[in-house]
Amino acid sequence: MENAEEDLQLLEMARLAAEKAYCAYSNFHVGAAVETEIGIFSGCNVENASYGLSMCAERVALFSAAAAGARNFERLAVSCVDALDGSLLNAKMPCGACRQVMSELMQPGSRIIIDGAGQFLLADLLPQPFRLDMDKQS
C-alpha cells in the first residue's frame, strides 16, 4: 500500500529543491526528489544560455543518485512550483527526455508523483521506451 505521508515528504523535498533552480532564462523553477536504496536525492533544473545544454530537475536528481552508487530507484516526485494551480496538466509533466531516463533507471511499476497532477506509473508515462538489447546486437 502506498504511504501518503511519505509521498508528501518526498514531494516537499522536490518543492525545496525547486527553490535552488538556476532558471535565468525561463524563470520556471522545477525540483525533483528520488527515493533509492541508499537514500533520497534531489535535483533542480539548471539552465544555460545555450538552451540544449540545460538540464531538467528529474535528470539531475536521477544522475546524482546514480553517481552516488544507487541502483534501485523506487519513486520520484516532481514539482513545477511556477505552474499555476489553473495550469494545464501538461505544464506540470516531465519532458520526454526525462521519461526516457526514468525508464532506464526505474522499473515500469515505479510511482511518479507530480505536484498538482497526481500519481502515475512510469509505464503509463512512457509505455514504449527505447531499449537496447545488448545480447542480440551483432
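Which residue in β5 is the bridge partner of Ile113? The partner is Gln119.

This is a predicted model, in which local features need pLDDT of at least 70, side-chain atom pairs count only at pLDDT 80 or more, and totals for chains, interfaces and linings use all residues. Residues are numbered from 1 along each chain as its sequence is written, and side-chain values use heavy atoms, with hydrogens and water left out.

**The sheet**

Five strands make an open, mixed sheet in the order β2-β1-β3-β4-β5. β2 (39-44) and β5 (118-121) are the edge strands, and each pairs on one side only. Neighbouring strands are turned by 20° against each other on average, direction ignored. Helices (H or I, at least four residues) and strands (E, at least two) are DSSP runs, numbered from the N terminus. Two strands pair if DSSP finds at least two bridges between them.

β4 (residues 106-114) runs antiparallel to β5, with four bridges between them. β1 and β3 are antiparallel too, joined by seven bridges. Ala33 has Ala77 as its bridge partner in β3. Six bridges link β1 to β2, again antiparallel. Here Glu35 stands opposite Ile40 of β2. A hairpin of two residues connects β1 to β2.

β1 is mostly covered: seven of its seven residues are buried. Buried means under 20% relative accessible area, exposed over 50%, and partly exposed in between (1.4 Å probe, protein chains only). In a regular strand the side chains alternate between the two faces of the sheet. Val30, Ala32, Val34 and Thr36 point one way from β1, while Gly31, Ala33 and Glu35 point the other way.

Contact means heavy atoms within 4.5 Å. Axes are lines fitted to C-alpha atoms, for helices over the stretch in contact, and angles run from 0 to 180 degrees between N-to-C directions. The buried residues of α2 are Ala57, Glu58, Arg59, Ala61, Leu62 and Ala65. They pack against β1, β2, β3, α3 and β4. Gly69 follows α2 and has a positive phi, near 105°.

**Salt bridges**

The structure holds five salt bridges. Each is a side-chain nitrogen of Lys or Arg within 4 Å of a carboxyl oxygen of Asp or Glu. The table lists some of them.

| Pair | Closest N to O |
|---|---|
| Arg111 and Asp7 | 2.7 Å |
| Asp115 and Arg15 | 2.8 Å |

Asp115 lies in the loop between β4 and β5 and Arg15 in helix α1, so their pair ties together parts that are 100 residues apart in sequence.
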